[in-house]
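Dear colleague,

I am passing on a structure that you have not worked with before, and my notes on it follow below. Please read them with the sequence and the coordinates open beside you.

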Amino acid sequence: MSLAVRIVLVFLAVFSAMDSARAQDQIAQNPMAAIRAGRWTEAEAAAATSPDRIAGQLVTYYRRIAQGMARAGEIGDFMQNNPDWPAQPQLDRRRQEALANEPDDGAALAECTRSPLSLTAALLRCADALAAAGRQTASAEAARSAWITGITDPAGETTFLQRWG
């Protein structure tokens, strides 16, 4: 390798390290930089040291709206406490997505009754949670809504019919 190529590689390595250090400093001082990087713990730490009191709420908002980053109850509580924040339909979609994957029947049941559901997977999760709670009529209604709402693939239909017949 020629000397010129080695010098260029050294400069690239130095500038890359400087950019990385600069990015780390920006994340430590600015919660939005950490949010964009998906580094939630760092975003929360930066917000905690921010003089702007809204910084913490912004971190919470962006974490709630990010897919798979919050439980259904957390999203539902945020929506209830902050009804004037933007993107309420997207927050509700994230809540329903989280509900569909909620492992705890009690937590799922609480979300099933919070507000109307439209996602098939959320309706099916509620049907299961309601059945586990002994609420057979409500369970059957949720299952029926799921069927009507959009079980369109053959595998989903088969699974549905095996469970709810």
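Glu-97 has its place in helix H6, and once its neighbours within four places in sequence are left aside, Glu-97 is in contact with Gln-67 and Leu-119.

Please keep in mind throughout that this is a predicted model. The mean pLDDT of the chain is 86, and 82% of its residues reach 70 or more. The stretch to treat with caution is residues 23–27, where pLDDT stays under 50 and for which the model has 9 contacts beyond four places in sequence.

As for the chain as a whole, it holds 10 helices and 0 strands, so that the pattern read along the sequence is α-α-α-α-α-α-α-α-α-α. Of the 165 residues in the chain, 32% are buried, and among the contacts between residues at least 6 apart in sequence, 38% join residues at least 24 apart.

The element I looked at in some detail is helix H8, which covers residues 120–132, has 13 residues and reaches 18 Å from its first C-alpha to its last, close to the 18 Å expected at 1.5 Å a residue. The buried residues of H8 are Thr-120, Ala-122, Leu-123, Arg-125, Cys-126, Ala-127, Ala-129, Leu-130 and Ala-131, and what they pack against is helix H6 (88–100), helix H7 (105–112), helix H9 (136–150) and helix H10 (154–164). Just after H8, Gly-134 takes a positive phi of about 80°.

The axes of H7 and H8 come within 9 Å and cross at roughly 115°, and H7 passes H8 in a left-handed crossing. On the H7 side, Asp-105, Ala-108, Leu-109 and Cys-112 take part, and they meet Arg-125, Cys-126, Ala-129, Leu-130 and Ala-132 in H8. The residues of this contact divide into 7 nonpolar, no polar and 2 charged.

Ala-87 lies in the loop between helix H5 (72–81) and H6, and with a relative accessibility of 28% Ala-87 counts as partly exposed.

Finally, there are two residues that can each be placed relative to Ala-43. Asn-30, found in the loop between helix H1 (3–29) and helix H2 (31–36), counts as partly exposed at 26% relative accessibility. Asn-30 and Ala-43 are 13 residues apart in sequence and 7.5 Å apart in space, C-alpha to C-alpha, and Asn-30 touches Arg-36 and Ala-46 when residues up to four places away in sequence are not counted. Thr-60, which is found in helix H4 (residues 54–65), is likewise partly exposed, with a relative accessible area of 27%. Between Thr-60 and Ala-43 there are 9.4 Å in space, C-alpha to C-alpha, and the two are 17 residues apart in sequence.

With kind regards

Terms used. Residues numbered from 1 in each chain as written. Predicted model: local features only at pLDDT ≥ 70, side-chain atom pairs only at ≥ 80, totals over all residues. Heavy atoms only, no water. Helix = DSSP H or I, 4+ residues; strand = E, 2+ residues; numbered from the N terminus. Expected span 1.5 Å × (residues − 1). Buried < 20%, exposed > 50% of the residue type's maximum accessible area, 1.4 Å probe, protein only. Contact = heavy atoms within 4.5 Å. pLDDT = per-residue confidence, 0-100. Axes fitted to C-alpha atoms, helices over the stretch in contact; angles between N-to-C directions. Left-handed = near helix turned anticlockwise from the far one by under 90°. Nonpolar A, V, L, I, M, F, W, Y, C, P; charged D, E, K, R; others polar.
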